[in-house]
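Hello,

Here is the structure I promised to pass on to you. Please open it alongside this email, and I will walk you through what turned up.

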Amino acid sequence: MKIIACTLLAAAMLAVVASPADADRCSDLKVHPKVPLTFVAFSRMNPQTGAPYGPNDTMTVSGTAMPALQALDELDALERQLTALGYTLRDTDEKTLAELGKCPELLASQVAIVDQILHDPASPLSPGSIADKVRLKLELAETLIPNWDALYAQIKDPDRDVYLPPVPTFTAPTPRPKRTELKPLQKERSWAWEMGEKNSLWVQLLASFRIDGSKTEVKSAAKGQINGSVLGLWEGEILGADANASAGGSTTVAAMSLNVRAIGKTVFSKSWSQKVIRDGDDKRYDVHPEWSYRFSIGPIPCKGTVGFVGSVGVKYSYELVPIALNAFAVPYAATKLFAQVGADIGVARAGIGGEVTLINDFVTLQGSFAVSFEDEPTLVLELTGKNSVECLSGRLYAYAEIDYGLGTWSGDFTIFEWTGYKKDSDLFKFRTTWGPNGVTAEGDLTAEDVMEVTADNEERRLVDLENASQLRAFEVFDAVARDLNGEAAALVSSERDRHTVIAQSIDDAIAQFRAEMTRVTGGG
Amino acid sequence: MLKRYGAPLALTVAVVFLGGATLAADDPAAREQAGIDRLQSANAMSVRDGVYRQVRDALVTGTGSIKVKLEAWEAATQQWIVGWTAVLTLADLRDDIPYATFEAALSTQLDSQTARLASLIELATQLKAQGTEARGRLGTVPGPPGSSYPQVETYYPVIDGPGGMTARETELAATLDAMAMMPDAKTATMHDIDTRARLAIVARLRAALVARGRYPLEQTIAAVQQLLDVENVVDPVLAQAARLENDLDRYALNFQIFHLLDGIAVGRQQCAAGRATLAGATGATRYVTAARARLEQLCTAMENHYQSLTTLGVGNSDLVAAYIENDKPALRTVCQTAAAPAVSCEKLATVAALQPADYAGMDDAHLKFVEYGWSDNLDAAKRKGVAP
């Protein structure tokens, strides 16, 4: 089988050698025919089994499986062509069946040309020319590479150039301007007011509003409280209202809580937590505490009642969006104190009474905080508080009621009435802005506010000075560095060198001229 | 009864305390001083750089720079040496020419050599003066080290580093010394050459006469020696008078009345002194006679320039105003359009702003001050030349 495979390969090579395409490059194919041989077909017996190849038997030729009979037929066909030319696949010697006829001649002529070139002394490829080139290169190398003695002799020659890489040029560092950081704002305003004596009638108003704001979050806390005391019998909180809100910070959810107390008891409490809060309402609660006691004057039963009536509550409106707050809260109370003492003899009742407006009060607390962004964030905070109060006005009266059988008569008579205290006033008004252009504060300023503004303005002035001086220093030194590394500066030394050489040549010319004149004049 | 409360006291105290801690950490007074020091350092460096650039410009920039003048001096020196070679060649008597022709050629060439030497010496003097002025403007070299400039430590390499300001100033001062002073240092040698050359002329002439016998030996030698002696006296007189006549001509044309008045006084003195000098000159009669005629011609021309302006019937204030008005375009050339304007431009601009009424109100002393102020500064600016 191996023999067959090699034979097929040899046949394929012969076909390639004889391809017309290659023959065109040099000349026609030249064939060497011999005396024809007798064709003998290859055996169809399988050497491994000793039996003839069947139609389904295969053999592997050059790694490719193919039907054995087909392969043997193709082998026989090739053998038939070769034997006609006097060759056979069975011959193991190497034979030249055909060759390209003109190539040897062409090659021979090229050899002659090359030989001529190589032996022509004027040819660039002649040994003499090549040797000359090599010699020139060697001589050039010798001139460029000084020997050790020459180098040593020039060691102390100040005019000998010593190569140094260019000096790195200085690049002025660009200054980074400072920025005035936007500090968090913390502002609180409180207000307190009281009137009367606790062992008779006494009212107290407390209000505060606080906002903590920064460029990322805002918190606010508003409080309103009305306390009172009645004849030393009762003292306590008439109204209390707290509202807390926050937005921004680490969470994107705004939160708010509202808590309202009346006569010491919580009457309303609610919390919100959502992205944006917009809410407002009027929470109103009626109050009517009273205290009664009975007694007799002889046979006549008597009764006394002390108490007050009124309503308390809070109006509020909040708008909370991220980094912005707009809110107002109006805790209010309208309370009237009364006291009556009466006698009752069955058909008639009479007595005296008194009414005192304990307090009618509305505290309006309003605040806003916002961060506006243009080039840089600006914080704007505003707090205002107003109060409208009326208290301790009242009257003293007598009343009577008689059953006269057919009906009842009743009436009262004001014995005395008086005005109390009434005032509308601004509690506080404050506005501040913190931005890139500085801090402003207006309204009711505390010492702390003034200090903050002064300190901030001072800081900004310093930062401006530092930035301006840094910039100025950069501009100056950068320009200087560029100039010193520029062509004009380099011209100074190059011109000095050039004119030193010229001056030397002038000196030489003068010396030569002087020597000539000395020679002519005979010295002296 | 009515009370208003600010923030709780505790909060206020806390804020004040925190503020105090911050103040201690970066003292505002120290920061402010640092900023001021930085600005002052930048300004001082700017001034120093400005001085360096001015002096460097005086050295290498512009048509009136030391560099350009030195190149002119070098070229003229070469011509001067070549000129002496030509004179010596003439003394070899290789050309067969009559003695009168020889004497005329020798006289012309000697005049040229004298004029060249005078020009070289004047140029050398200008260069020395310009270099001295520039060197004085540069001040002490090297300037202050980087450590003298507080709050700009980052930029110290610009001052002290390789190729920094200190190195450049030192280099500039050395170059100024080398370039501006070099011509003046050779002046003595040139005078020596001038003297030796005249001796050499006679020596070579004698040798040539002995060899060729073209002219009578002793008579020729004596005549040439007389010519050399007289030329040495006459040429400076004529050169000085010619220069002044040229100046007076320019003054008259420019309406520079006070320059003209001052110039004619000097010219009359020079003419009188020149006449006396030439009257005492003996020998080389033809040469001396021609020189006297030339001097008279120059002195007459000086008087004519003087008369041409003073007989116009125009007042001095109008003449000064006309002079400055005519010269104003130069202000634009040398100051406004120049890349590196001359330092005197502000003074020129001040004078240029004067109105006719201003001149009319001035007496002669003030008018003279204005005329000289304008011309001196404009001349200085022109000397600097227009930057390329």
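A residue is called buried here if 20 or more other C-beta atoms lie within 10 Å of its own. By that count, buried residues make up 20% of the 524 residues in chain A. Please keep in mind that this is a predicted model.

The mean pLDDT of chain A is 80, and 90% of its residues reach 70 or more. Within chain A, confidence is lowest in helix α1 (residues 2-17), with a mean of 41, and highest in α7(A), at 89. Over residues 1-24 of chain A, pLDDT stays under 50, and the model has 19 contacts beyond four places in sequence for that stretch. Where pLDDT is low, the predicted coordinates should not be read in detail.

**The make-up of chain A**

Chain A contains eight helices and 20 strands. Among its contacts with a separation of 6 or more, 61% are between residues 24 or more positions apart.

Strand β5(A) pairs with β6(A) (residues 201-213) in the antiparallel sense, over twelve bridges. The two form a hairpin with four residues between them, and one bridge to look for links Ala192(A) with Leu206(A) in β6(A). Strand β6(A) also pairs in the antiparallel sense with β7(A) (residues 217-230), this time over 13 bridges.

**Where the two chains meet**

In chain A, 48 residues are in contact with 56 residues of chain B. Which elements of chain A give two or more residues to this side? They are β5 (185-196), α7 (447-484) and α8 (487-521). Helix α8(A) gives the most, with 19 residues. On the side of chain A that touches chain B there are 29 nonpolar, nine polar and ten charged residues.

**The nonpolar cores**

The largest nonpolar core has 98 residues, and the members that touch the most others are Phe477(A), Leu59(B), Leu295(B) and Val320(B). Helix α8 of chain B (residues 217-254) gives the most to this core, with twelve residues. Phe477(A) is worth a click: leaving aside neighbours within four places in sequence, Phe477(A) is in contact with Ala172(A) as well as Met45(B), Val152(B), Tyr155(B) and Val158(B). A second, separate core has 55 residues, including Val314(A), Leu337(A), Leu392(A) and Trp434(A).

Helix α7(B) runs over residues 187-212, and its 26 residues should span 38 Å at 1.5 Å a residue; the end C-alpha atoms are 36 Å apart, which agrees. After α7(B) comes Gly213(B), with a positive phi near 60°.

Helix α9(B), residues 257-279, can be checked in the same way. Its 23 residues should span 33 Å at 1.5 Å a residue, and the end C-alpha atoms are 32 Å apart, so the two values agree. Among the buried residues of α9(B) are Phe258(B), His259(B), Gly263(B), Gly267(B), Gln270(B) and Gly274(B).

**Some backbone details**

Val141(B) and Pro142(B) are joined by a cis peptide bond, with omega about 0°. Pro142(B) sits in the loop between α4 (99-138) and α5 (156-160) of chain B.

Two residues other than glycine have a positive phi and are worth a look. Leu392(A) has a phi near 60° and is found in the loop between β16 (377-391) and β17 (394-403) of chain A. Is Leu392(A) buried or exposed? Leu392(A) is buried, because 20 other C-beta atoms lie within 10 Å. Phe255(B) has a phi near 65° and is found in the loop between α8 and α9 of chain B. Phe255(B) has 23 C-beta neighbours inside 10 Å, so Phe255(B) counts as buried too.

Enjoy exploring, and do write back with any questions.

Best wishes

Definitions and conventions: Residues numbered from 1 in each chain as written. Chains lettered and ligands numbered in written order. Predicted model: local features only at pLDDT ≥ 70, side-chain atom pairs only at ≥ 80, totals over all residues. Buried ≥ 20, exposed ≤ 12 C-beta atoms within 10 Å, placed from the backbone. Contact = placed C-beta atoms within 7 Å. Nonpolar A, V, L, I, M, F, W, Y, C, P; charged D, E, K, R; others polar. Pairing = 2+ DSSP bridges. Core = buried A, V, L, I, M, F, W, Y, C linked by C-beta atoms within 7 Å. pLDDT = per-residue confidence, 0-100. Expected span 1.5 Å × (residues − 1).
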